[in-house]
Amino acid sequence: MADLKNLIRTIPDYPKPGILFRDVTTLFGDAQGFKATLVRMAEPWRGEPIDAVAGIEARGFILGGALADRLGCGFVPIRKKGKLPWKTIGQEYTLEYGVDIIEIHEDAIRPGARILIVDDLIATGGTAEAAAKLVQRSGGAIVGAAFVVDLPDLGGRARLEGMGIRCEALMAFDGH
Ligand code: AMP
């Protein structure tokens, strides 16, 4: 995975001191790198019946839309509070300082629909867990969660797996 890993730009101290921001825009901007990312992200889920990808705003939209096309399924957006035009279900989650809310359209997922959650990166898992709760509260069945990057030291993957959710990531970075 070294080739794809090298296309991710690391920005120290963004958005605040001590954080190593893993910037995937440099990976998305590379035609071969972006294609290879999508091919590899789709791979583990090929055998699974999936009705829709649920992508988390904003980088999860870029990956999720393209993955939905590859997997031959629909796409459902999970957005920051106040962005979706129709009636929504909201889920609060904890950030390092304070709380935030993500939302899904109340009718986006039909009962029993098989859903793959997609985002660029999993750190503490707070965002992905909130997305998983939205899918579950909508009556969907979570097939799994797919990421480009896992930061295992922050425990997000273990947290999701503890909820019984299968996780796949293309690469891991030490630290945070
Ligand atoms: P978390 O909820 O802690 O798992 O954080 C995951 C969300 O925050 C994802 O949407 C990521 O895009 C973003 N994020 C968290 N930490 C980083 C990081 N070190 N580099 C880039 N994005 C990050």
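Biologist: Let's begin with Gln91: in which strand does Gln91 lie?
Modeller: Happy to look, bearing in mind that this is a predicted model. Gln91 falls within the run of residues 88-94. That run is strand E5.

Biologist: Is Gln91 buried or exposed?
Modeller: The relative accessibility of Gln91 is 13%. Buried means under 20%, so Gln91 counts as buried.

Biologist: Which side chain makes a polar contact with the side chain of Gln91?
Modeller: Gln91 touches several residues beyond four places away in sequence, among them Asp100, Ile102, Lys133 and Leu134. Arg137 is also one of the residues touched. The polar contact, at 2.8 Å, joins the side chain of Gln91 to that of Arg137.

Biologist: Good, that leads us to H5, which covers residues 126-137. How many Å does H5 reach from its first C-alpha to its last?
Modeller: H5 has 12 residues, and at 1.5 Å a residue the expected value is 16 Å. Its buried residues include Ala128, Ala132 and Val135, and Gly139, with a positive phi near 90°, follows the helix. From first C-alpha to last, H5 reaches 16 Å.

Biologist: Why is strand E9 described as largely enclosed by the rest of the structure?
Modeller: E9 spans residues 141-150. It is largely enclosed because, of its 10 residues, the number buried is 8.

Biologist: Which residue in E9 is the bridge partner of Leu116?
Modeller: Strand E7, residues 114-118, pairs with E9 in the parallel sense over 5 bridges. For Leu116, the bridge partner in E9 is Gly144.

Biologist: And what residue in E9 does Leu121 stand opposite?
Modeller: Strand E8, residues 121-122, runs parallel to E9 and is joined to it by 2 bridges. Opposite Leu121 stands Val149.

Biologist: Through which helix does the chain cross from E9 to E10?
Modeller: This β-α-β crossover is right-handed. The connecting helix covers residues 156-162, and its label is H6.

Biologist: Now for H3: which residue caps its N-terminal end?
Modeller: H3 covers residues 31-42, and its end C-alpha atoms are 17 Å apart, which agrees with the 16 Å its 12 residues should span. At the N-terminal end, a side-chain oxygen lies 3.3 Å from the backbone nitrogen of Gln32. That oxygen belongs to the cap, Asp30.

Biologist: On to charged pairs: how many residues apart are Arg40 and Asp3?
Modeller: Their side chains meet in a salt bridge at 3.4 Å, N to O. The pair links distant parts of the chain, with Arg40 in helix H3 and Asp3 in helix H1. Their separation is 37 residues.

Biologist: Which residue forms a salt bridge with Asp120?
Modeller: Asp120 sits in the loop between E7 and E8, and its partner is in helix H4, 61 residues apart. The closest N and O atoms are 2.6 Å apart, and the partner is Arg59.

Notes:
Residues numbered from 1 in each chain as written. Predicted model: local features only at pLDDT ≥ 70, side-chain atom pairs only at ≥ 80, totals over all residues. Heavy atoms only, no water. Buried < 20%, exposed > 50% of the residue type's maximum accessible area, 1.4 Å probe, protein only. Helix = DSSP H or I, 4+ residues; strand = E, 2+ residues; numbered from the N terminus. Pairing = 2+ DSSP bridges. Right-handed = clockwise from strand over helix to strand, strands pointing away. Expected span 1.5 Å × (residues − 1). Polar contact = N/O pair within 3.5 Å; in protein donor to acceptor, adjacent residues only side chain to side chain. Contact = heavy atoms within 4.5 Å. Salt bridge = Lys/Arg side-chain N within 4 Å of Asp/Glu carboxyl O.
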